[in-house]
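Visitor: Hi, I'm new to this one. Can you put it on screen and walk me through the inside?

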Amino acid sequence: MMMSSALLQLFRSTGSYLFAISRHSLFRPHSTIPVLKTDHERAAAARDLLKSAFGERVITADDPTSRPMVALTTPWSTTCHLPSAAYFQPISAAEVSTALSIITKTQCKFAVRATGHNPNPGFSSTREDGVIIDLQLLNDKSFDAETGIASVGAGSTWGEVYTWLEEKGRSVMGGRYEEIGVAGFVLGGGMPGFVNLRGMGCDQVRGFEVVLGDGHTVHCSADVRPDLYRALKGGGSNFGVVTRIYLQTYPLLKTQYTVSLYKPDDYANIIEASVAAHKEMETDAQAAYFTNVHRDFVAIGQLYADTPTEEPKVFEPFRKLESMMAPVVPKTDGTLSTLAQAIGHRPPKGKRTIFTISTKVDADLYLAIHQIWQDITATLPPSSDGTDLHYTIQPVTASAGRAGRDNGTGGNVLGLQEVSQNWCVFTLEYPRDGADDAVHQAAMDRLYTQVKKAAEERGLLLDFVCPTFADKRQDVLRGFGEENVGLIQQVAEKYDAEGVFQKLQYGGFLVRDL
């Protein structure tokens with residue numbers, strides 16, 4: 001069915017008003033849209049309506065040079081970019097509203113993507129039985145010098161935001177890599193480079209612009225719709241499509257950092273140093289580090305939220321190690337943007353799968369985890385074949401939870417305990433072609449089961465599971481605690497009464513799975 005030129009113009013030039021009009025014209029029950037029996041038929045109908053309304057900003061598989069289609073062959077992870085029926089790139093919240101009206105009328109499955117950095121299949125992707133709302137063109141930015149608040153389109157990346165703000169002498173606590181999208185990061189809580197200094201990425205948000213399942217665009221903050229505002233900070237994609245984020249900025253943050261490689265057979269001393277540095281961090285919120293363990297090397301990043309002339313005491317345990325092979329990032333005085341450039345993880349193109357566990361800090365547990373990792377790594381193809389199963393110790397101090405509650409932004413739904421803890425993330429990267437997915441996933445399943453058991457047996461396992469590092473099968477929402485789960489359920493029902501984001505959304509850590 002082709003639209004009239006008048007209706008097409010209406011689609012392109014109006015927003016929420018269009019949604020009301022469309023219910024009485026194109027989408028009337030007696031319209032000529034046929035009964036759609038399968039998901040593929042519903043996706044095809046949605047694709048055709050989107051193309052009629054938005055033309056070239058709806059991309060399909062017959063346009064292999066377009067940005068979304070190129071993303072199928074050049075993503076961070078090929079496991080999370082699947083060939084969809086269509087990719088729609090809106091340029092306004094009003095157009096997102098129109099897209100949702102088409103999706104709900106056709107009952108088409110859908111996913112929302114900013115940059116698609118999450119490797120879980122279906123979280124920011126669909127197969128050919130669904131469509132994707134690709135937010136990358138929603139990347140405009142503005143800054144209010146009086147309040148220090150930056151207004152950022154949901155399609156922006158942290159690299160873009162850091163560079164733009166630094167030109168204004170400002171900084172914001174966001175993602176550690178340039179290519180990470182702002183929206184997915186804050187909706188999943190988001191672990192910044194200096195989480196112990198000002199809390200989680202979602203704790204930097206002063207407000208959201210959201211398109212709800214019924215097509216209405218609303219704003220929320222600590223003062224307006226505070227329930228929705230709090231639920232979005234960690235509660236993911238359960239409530240609507242976030243199209244704009246209002247971030248609290250701070251005076252330009254200077255940073256000092258270095259990354260060095262160490263011999264992997266010195267793992268016992270490296271683990272002891274990591275635990276000792278973590279304890280020192282409890283009294284120095286400006287410090288951060290990561291210990292990234294591979295078969296052939298261990299990378300340790302030492303990050304500091306200042307540019308001291310003397311070596312920070314917190315990193316002394318690492319300086320005492322005698323197994324350093326070489327610095328890959330020499331000690332540098334920089335900013336958050338240069339830090340993100342320096343430590344960005346850019347492995348070869350391929351597949352990857354991840355999971356995470358949160359534990360209390362304990363050297364014996366870390367040694368047990370390392371032995372489990374070694375045993376399972378030995379069953380995988382060698383590194384020379386492009387297979388890399390690695391894990392990262394990510395220290396979080398008790399101050400991280402307090403920082404999110406004490407900064408006046410209304411808290412979040414993550415339920416972080418005020419204890420010293422490690423968010424250990426395990427990542428398996430392997431070739432896109434010729435690799436056996438079942439073999440690699442089975443190895444990760446064994447690793448998860450054994451690592452979790454080791455932490456449970458020692459009484460060191462925490463309930464919290466960081467959404468941005470979690471496997472799709474992990475029970476992320478329940479890890480937030482009963483009170484926060486209740487709030488998420490209530491807010492989802494209140495702001496998405498028809499269940500659009502539970503019934504039609506392709507995947508995610510959703511209320512429907514509780």
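**Cavities and cores**

Guide: Helix α12 (residues 336-343) gives the largest share of the lining of the largest cavity, four residues. Helices are DSSP runs of H or I, at least four residues, and strands are E runs of at least two, numbered from the N terminus. This is a predicted model, where local features need pLDDT of at least 70, side-chain atom pairs count only at pLDDT 80 or more, and totals for linings use all residues. Residues are numbered from 1 along each chain, and side-chain values use heavy atoms, without hydrogens and water.

Visitor: What volume does the largest cavity have?

Guide: About 80 Å³. A cavity is a set of points on a 1 Å grid where a 1.4 Å probe fits but cannot get out, and lining residues have an atom within 4 Å of a point. The volume is the space filled by probe spheres set on the points.

Visitor: Which residues lie nearest its centre?

Guide: Tyr162, Gly175, Gly193, Leu336 and Leu339, out of 13 lining residues.

Visitor: And what lines the second largest cavity?

Guide: Its lining includes Arg176, Gly193, Tyr289 and Pro395. Strand β13 (residues 287-293) gives the largest share, three residues.

Visitor: New topic. How many residues has the largest nonpolar core?

Guide: It has 101 residues, and Trp158 and Phe194 are among those with the most contacts inside it. Such a core joins buried (under 20% relative accessible area, 1.4 Å probe, protein chains only) nonpolar residues of set types through side-chain atoms within 4.5 Å. Apart from that core lies another, of 41 residues, among them Tyr262 and Phe426.

Methods
Buried means under 20% relative accessible area, exposed over 50%, partly exposed in between (1.4 Å probe, protein chains only). On a 1 Å grid over the protein atoms alone, a cavity is a set of points where a 1.4 Å probe fits but cannot get out, and a pocket is an open set with protein on both sides within 12 Å along at least five of seven lines; lining residues have an atom within 4 Å of a point.
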